[in-house]
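Please open the structure in your viewer and keep the selection panel at hand. This tour goes from one selection to the next.

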Amino acid sequence: MVKRIALAQLTSCWGCDQSLLDLHLKLLDVLPSLDIVYWPAVVDFKVADLESMSNHSIHFGFVEGSCRTKEDVHLLKLMRQKSKILVAWGSCSVYGGVQGLGNQWELKDLLERKFLKADTITEGRIPDENLPGFTEHITPNPDIVDFDAILPGCPPTSENTAEALTALITSKSYDLPDKTVCDQCPKERKEKKIKKFYRTHQGHIDQNKCLLDQGYLCLGFATIGLCGAQCPTVNAPCKGCFGPPPSIKDHGAKIISALGAVADMPPEELERAFPDPLGSFYFTDYASSYLSKIRGKQRSKKTK
Amino acid sequence: MKSRFVLLKRLLEEAGFDPERVHLQWASAAEGDVFAEGITSMVERITKLGPNPVRKGD
């Protein structure tokens with residue numbers, strides 16, 4: 001039976017779509033089983049088309065991106081209403097994404113920074129006509145509507161999405177593995193005692209040894225192993241873009257806990273090593289952290 | 001432990017919380033006075049700061 005599928009894009013870079021299209025000829029394995037009823041990145045259906053469909057008439061709904069605008073919230077709720085199985089696709093959808101780091105500031109400050117104070121702007125103004133309006137902060141999609149499956153990644157690899165899709169088409173369950181990037185990484189690990197942290201452009205990386213052992217902030221130990229360790233394999237430290245494995249509740253808390261154990265340096269020096277701790281420890285999942293959620297609660301209280 | 005605490009304080013600060021609301025104290029079972037002193041000084045400090053603007057459950 002051909003299954004009806006809809007893929008919706010909220011605030012995001014649409015990289016998840018690129019990653020899916022990168023399947024190239026392998027797409028031919030799944031496409032015959034699918035009838036695409038909504039996918040603005042690829043086919044010309046409008047939101048009105050989606051609105052006119054009956055409830056639960058779509059077998060699989062994939063939502064990419066997070067809710068930075070009120071239109072995003074509308075589309076997300078619409079997708080939930082129309083889909084039987086709704087999948088949070090990519091780290092934006094699962095955790096809030098890089099844009100979740102904006103939750104460190106108030107909306108007013110963000111708008112002023114972007115539209116009035118940016119270096120390239122003359123006679124700036126904050127646009128407000130014919131626009132849906134912004135949300136006060138980024139709330140991770142799973143806190144707005146219920147999802148049946150989540151697939152993190154920035155983006156999920158082509159294989160990740162193909163695997164999830166195939167599982168859905170063949171009515172199998174799709175669960176995330178409780179392993180880390182380190183489990184997939186080929187580099188040689190030793191007992192960790194880090195004397196000094198380096199930025200990636202500093203020093204020389206020994207290609208065969210664990211990057212964290214060498215003092216590069218590689219977050220593989222706290223990050224879910226779905227990507228095949230593609231960054232550390234080519235000597236780029238893991239930024240944790242896939243978020244934590246299911247057993248870890250707070251990505252950054254796990255990271256500082258581990259760093260405290262392996263850093264062999266005075267606490268003050270460790271603190272100086274990370275000028276942007278939230279950006280470093282919650283690259284794509286700050287909006288889903290305890291810290292951001294508490295702040296969000298405070299914010300909604302104020303605006304009430 | 002101290003290293004973790006320093007990083008935690010930084011996270012709290014960056015996220016907009018007053019790091020003065022968090023206190024780390026070592027006191028063994030034999031150091032009742034150190035424990036009491038730590039608690040007293042923390043209570044004094046947070047009383048001065050007033051109610052936490054992000055109280056749980058509100």
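What follows is a short walk through a sheet, the helices on it and a few backbone details.

This is a predicted model, in which local features need pLDDT of at least 70, side-chain atom pairs count only at pLDDT 80 or more, and totals for chains, interfaces and linings use all residues; side-chain values use heavy atoms, with hydrogens and water left out. Residues are numbered from 1 along each chain as its sequence is written, while chains are lettered from A and ligands numbered from 1 in the order in which they are written.

Begin with the open sheet of chain A, whose five strands, paired in parallel, follow the order S2-S1-S3-S4-S5 (strands, E, at least two residues, and helices, H or I, at least four, are DSSP runs numbered from the N terminus; two strands pair if DSSP finds at least two bridges between them). Strands S2 (34-38) and S5 (149-151) of chain A stand at the edges with a single partner strand each, so one side of each is left without a neighbour in the sheet.

Next, select S4 (residues 83-89) of chain A, which three bridges join to S5(A), and find Ala88(A) opposite Ile150(A).

Now move to the loop between S5 and H7 of chain A, where Pro155(A) lies; the peptide bond that joins Cys154(A) to Pro155(A) is cis, with omega about -10°. In general, most peptide bonds are trans, and most residues other than glycine have a negative phi.

Finally, select Glu123(A), in the loop between helix H6 (107-115) and S5 of chain A, whose phi is positive, near 50°. Is Glu123(A) buried or exposed? With 82% relative accessibility, Glu123(A) counts as exposed (buried means under 20% relative accessible area, exposed over 50%, partly exposed in between, with a 1.4 Å probe and protein chains only).
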